[in-house]
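Subject: Structure for your review

Dear colleague,

Please find the structure below, together with its sequence.

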Amino acid sequence: MDAEQNAAGRERWQQRFDKARKADRDYTTLSGETVEPVYGPTGADDRMERIGWPGEYPFTRGIHPTGYRGKPWTIRQFAGFGSAKQTNERYKMILDQGGGGLSVAFDMPTLMGRDSDDPRSLGEVGHCGVAIDSAADMDVLFDGIDLAATTTSMTISGPAVPLFCMYVVAAERQGADPARLNGTLQTDIFKEYIAQKEWVYPPEPHLKLIGDLMEYVTSDVPAYKPLSVSGYHIREAGSTAAQELAFTLADGFGYVELGTSRGLDVDTFAPGLSFFFDAHIDFFEEIAKLRAARRIWARWMKEVYGAKTDRAQWLRFHTQTAGVSLTAQQPDNNIVRTAVEAMAAVLAGTNSLHTNALDEVLALPSQKAAQIALRTQQVIAEETGVLNVADPLGGSWYVEALTDKLEADAEKIFERIKELGGDGTITSGLLRGIEDGWFITEIADSAFAYQVALEKGDKRVVGVNTLTGDAGEPLEILRVSHEVETEQREVIGARRAARDQAAVDAALTRMVDDARADRNTVPAMLDAARAEATLGEICNAFKPLWGEYREAARF
């Protein structure tokens with residue numbers, strides 16, 4: 001763009017900035033120098049068509065003209081362990097210490113759609129997250145926490161829709177209007193087949209449930225985001241940054257195609273889609289990846305799927321620092337790694353952020369480690385000046401070149417996914433790639449290449465293959481008592497004995513009948529949750545109709 005065009009762009013940005021709400025804070029450096037809310041070219045710069053201005057298509061520099069002057073990122077710490085009561089106490093600590101929202105971690109039985117007294121749950125209850133068996137557990141989980149006033153994210157995909165129903169019922173029991181609920185449900189089943197492996201049914205039935213949820217939320221809970229398309233687990237499985245970027249956005253395009261196939265208006269449902277990315281240790285690559293993600297999503301939404309409004313073109317995302325970058329050796333170094341990764345996410349304009357605790361490589365976080373992780377974000381927000389300027393690295397030769405390169409790499413992967421499907425849609429390519437094992441093979445090859453580089457010493461990790469002397473003391477880690485499982489099994493048994501079994505049976509029967517007739521299953525599932533049907537009972541009710549998924553063995 002020439003100097004006149006760039007000046008016109010700055011003027012457009014200034015008009016939007018002047019109209020936007022901004023926080024009344026000090027916007028000076030530590031030395032007292034006033035800083036501008038954004039910086040850009042003062043003359044010609046032919047990159048500006050791709051880079052743009054904050055709050056302007058293609059949103060490379062952020063979706064809001066104010067950056068963090070309008071609203072800082074939400075501090076949303078991921079937490080869950082043991083019983084609902086224990087996790088409730090941790091949530092209250094997070095909120096009391098300045099956390100801006102909640103993010104629920106579920107235990108493995110819950111993630112797999114199983115009850116705590118299922119024989120396959122033995123030894124796993126409460127160990128990697130909180131155990132939730134029915135809506136009564138949700139009541140305890142959020143006791144004393146106003147769900148109508150607290151944004152809540154739930155990281156679960158296979159049995160996501162039943163957990164959403166239990167969450168809504170818990171809100172109803174608090175006296176809240178479900179239409180006012182605001183939060184995010186992960187629900188991203190594509191990435192389960194690609195990376196995380198926590199599914200219940202084959203892909204098509206899961207897509208049926210996700211479509212039902214999208215319809216229901218669009219009409220009945222409009223502020224709630226029914227999908228958080230997750231690249232985090234793809235990266236943690238060993239993908240490259242470009243693979244994380246491309247596989248995640250392709251999954252998102254698949255859900256857009258699902259919504260439009262249901263007759264939903266893209267400008268209505270697309271603002272309810274959100275994303276979840278990894279912030280790994282390569283500082284500049286991560287910043288470039290997240291900037292590229294916003295640009296690619298906006299362009300595809302506008303040019304491919306016909307989104308007309310800015311909100312439907314926005315890519316909103318949560319970021320979590322990289323669990324896979326943490327080391328058991330010299331674990332105090334993990335504080336530094338997390339701080340670097342968090343700063344990358346912030347400089348890229350994340351909308352919310354979780355910072356990992358130093359001991360998460362060994363166990364669920366202790367209270368002290370969780371507080372250090374929380375304070376890491378708060379130091380970045382309060383002391384470093386990062387809130388002052390939108391996209392402060394915009395225009396950097398290095399960052400812009402990396403952004404362009406990652407975008408080009410992602411576009412090549414999109415073409416390959418479409419080739420896999422054969423009909424030009426992303427969804428067909430995703431389903432074929434899952435069936436053929438293409439995604440997991442690509443990730444495995446990348447993970448192997450990195451491991452080889454690590455073991456040869458080409459890639460270095462402090463405390464692991466370089467600078468290995470350790471003067472630290474062993475960590476005191478959080479341990480979940482076996483009594484949690486024993487008590488949870490007793491509770492679920494008593495709950496079944498006390499409920500109205502006829503109401504449970506009627507709701508489950510209607511739910512399956514609705515699925516068989518291709519009606520929306522959410523209303524009947526809500527009734528099942530109100531009657532205290534358990535998670536396992538809800539998930540198992542569909543299995544005679546849909547079957548279960550078994551991944552083919554590959555070598």
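How much space lies in the second largest pocket? The volume is about 920 Å³. Please keep in mind that this is a predicted model.

The lining of the second largest pocket is made up of 31 residues. Those nearest the centre of the pocket are His 280, Ile 281, Tyr 450, Lys 459 and Val 461. Sorted by class, the lining has 15 nonpolar residues, nine polar ones and seven charged ones.

On the H3 side, the contact is made by Arg 90, Met 93 and Ile 94; on the H15 side, by Gln 367, Ala 370 and Leu 374. By class, four residues of this contact are nonpolar, one is polar and one is charged.

Finally, please look at Thr 321, which lies in strand S7 (residues 317–321). Is this residue buried or exposed? Thr 321 has a relative accessible area of 0% and is therefore buried, the limit for that term being under 20%. Leaving aside residues up to four places away in sequence, Thr 321 touches Tyr 232, Ala 279, Thr 338, Glu 341, Ala 342, His 354, Thr 355 and Asn 356.

With kind regards

Key: Residues are numbered from 1 along each chain as its sequence is written. This is a predicted model: local features need pLDDT of at least 70, side-chain atom pairs count only at pLDDT 80 or more; totals for chains, interfaces and linings use all residues. Side-chain values use heavy atoms; hydrogens and water are left out. On a 1 Å grid over the protein atoms alone, a cavity is a set of points where a 1.4 Å probe fits but cannot get out, and a pocket is an open set with protein on both sides within 12 Å along at least five of seven lines; lining residues have an atom within 4 Å of a point. Grid points are joined across faces, edges and corners, and a volume is the space filled by probe spheres set on the points. Ala, Val, Leu, Ile, Met, Phe, Trp, Tyr, Cys and Pro count as nonpolar, Asp, Glu, Lys and Arg as charged, and the others, Gly among them, as polar. Contact means heavy atoms within 4.5 Å. Helices (H or I, at least four residues) and strands (E, at least two) are DSSP runs, numbered from the N terminus. Buried means under 20% relative accessible area, exposed over 50%, partly exposed in between (1.4 Å probe, protein chains only).
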